[in-house]
Amino acid sequence: MASSMNIESGLEEGTKSSEESNKKKPINWPLLLLNAAFMAIGVIGGPLLSRLYYLHGGGRKWVNTFTQSGGFPILFGPLFFLYLRHRSNPQSTHFFMESKLFVASAIVGVFVGLDNFLYTLGLSYLPVSTSSILYATQLAFIAVFARIIVRQKFTPFTINSVVLMTLGSVLLGLRTSGDRPAGVTGKGYLFGFFLTLASAGLIGLVWPCVELCYAKATRVLNFTVVLQFQLNVAAFATIVSFIAMIANKDFQAMQRESREYGLGQTMYVVVLVAGAVVWQFSFLGGLGVIFCVGSLFNGILSAVLLPMTEIAAVFAYHEKFTGEKGMALALCLWGFTSYFYGEYQTNKKAKALTKEQADDQYK
């Protein structure tokens, strides 16, 4: 596939099973950019809306967790359109994902639900800027787990990128005492710090597992299947939150909380619904990026977007932008550029090799 191919071809063309997935395949750039845009919307907007819920009187942790996956019904729209398109094409074969992908996505969904709770609970003790840059440490976890689970090959550019971005994330933890939100104790701040790291570690395990699920697919994998996979992941993550909300009697508490919410009852609903939609973009984009490139690049992209969330929080909530945060942002951008340049060089060599092989066949 050439880099100029359209997004529609990404819906039809996929990867075969594990043997072919281990080979370097050309990148569908339009589809990758679309999913990167989805990620940017979710990674930057999601934490801001989750924090907005806490800032004005929201305090139900599982309610906020629910919003991170509860927006999955919006995926039925594009899936229905793709189904009609599938029905109108007599050459199309399978539309629905195979049963083992369904089971795998359900298991992934449970872990995503738990990860959402860890992140949400940590965010209740930390400012968005600190939480976001800490969460960027998922890159280091993804690098380790991708190496173990999917045998991710590291290039010098990849190693340089991981080191730079990890340093940028760790740098933020060197000076956090003056960044504590009002009403949060030192122990609470430390608790949130480690909860966020635990969340980063868990999602760092989840993304390579998703890549492995894609690689083990028996049938051709296309973006329609990726949408179904995300729908199932989000549905099971939502079930985890829903059960916890019932056990915690959150539904009864939400009526009182909405009446007492600082921005008003209507805005209470708007904040939760908007959060559900925006977070859905984040996870859909993440799965799409893994489909196009791989789990490590998903971590790279997340790491470079999270500091941008930090900047957005500075403007939206007047959080402090210290020198350490500026250096962390610079390191993350440098690391992203390094990785992107390495991928460009690798793909350039792969295309040249493919052309040479094609020329040899005609000699």
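Start at Ser-241. Setting aside neighbours within four places in sequence, Ser-241 touches Trp-62, Thr-65 and Phe-66. Keep in mind that this is a predicted model. Ser-241 belongs to helix 11, which covers residues 223-247. Is Ser-241 buried or exposed? Its relative accessibility is 0%, so Ser-241 counts as buried.

Stay on helix 11 and find Ala-235, which is also part of this helix. The relative accessibility of Ala-235 is 18%. The cut-off for buried is under 20%, so Ala-235 counts as buried. Now look for Gly-109. How far apart in space are Ala-235 and Gly-109? Their C-alpha atoms are 7.2 Å apart, although 126 residues separate the two in sequence.

Step back to the whole protein. The protein has 15 helices and zero strands. There are 363 residues, and buried residues make up 52% of them. Next, consider contacts between residues at least 6 apart in sequence. Of these contacts, 86% join residues at least 24 apart.

Now turn to helix 3, residues 29-55. How many residues does helix 3 have? There are 27, and the helix reaches 39 Å from its first C-alpha to its last. That is close to the 39 Å expected at 1.5 Å a residue. Helix 3 also has a kink. Find Gly-45, where the kink is about 30°. Then follow the chain past the end of helix 3 to Gly-57. The phi of Gly-57 is positive, near 115°.

The last stop is a pair of helices. Two packed helices are described by the angle between their axes and by the distance between those axes. Here the pair is helix 7, residues 128-135, and helix 10, residues 186-215. They pack at an angle of about 35°, and their axes lie 9 Å apart. The crossing of helix 7 and helix 10 is right-handed. Which residues of helix 7 make the contact? They are Thr-130, Ser-131, Leu-134 and Tyr-135. From helix 10 come Tyr-189, Phe-193, Thr-196, Leu-197, Ser-199, Ala-200 and Ile-203. Sort the residues of this contact by class. Seven are nonpolar, four are polar and none is charged.

Conventions:
Residues are numbered from 1 along each chain as its sequence is written. This is a predicted model: local features need pLDDT of at least 70, side-chain atom pairs count only at pLDDT 80 or more; totals for chains, interfaces and linings use all residues. Side-chain values use heavy atoms; hydrogens and water are left out. Axes are lines fitted to C-alpha atoms, for helices over the stretch in contact, and angles run from 0 to 180 degrees between N-to-C directions. Helices (H or I, at least four residues) and strands (E, at least two) are DSSP runs, numbered from the N terminus. A crossing is left-handed if the near helix is turned anticlockwise from the far one by less than a right angle, and right-handed if clockwise. Contact means heavy atoms within 4.5 Å. Ala, Val, Leu, Ile, Met, Phe, Trp, Tyr, Cys and Pro count as nonpolar, Asp, Glu, Lys and Arg as charged, and the others, Gly among them, as polar. The expected span of a helix is 1.5 Å times one less than its number of residues. The bend at a residue is the angle between axes fitted to the seven residues ending there and the seven starting there. Buried means under 20% relative accessible area, exposed over 50%, partly exposed in between (1.4 Å probe, protein chains only).
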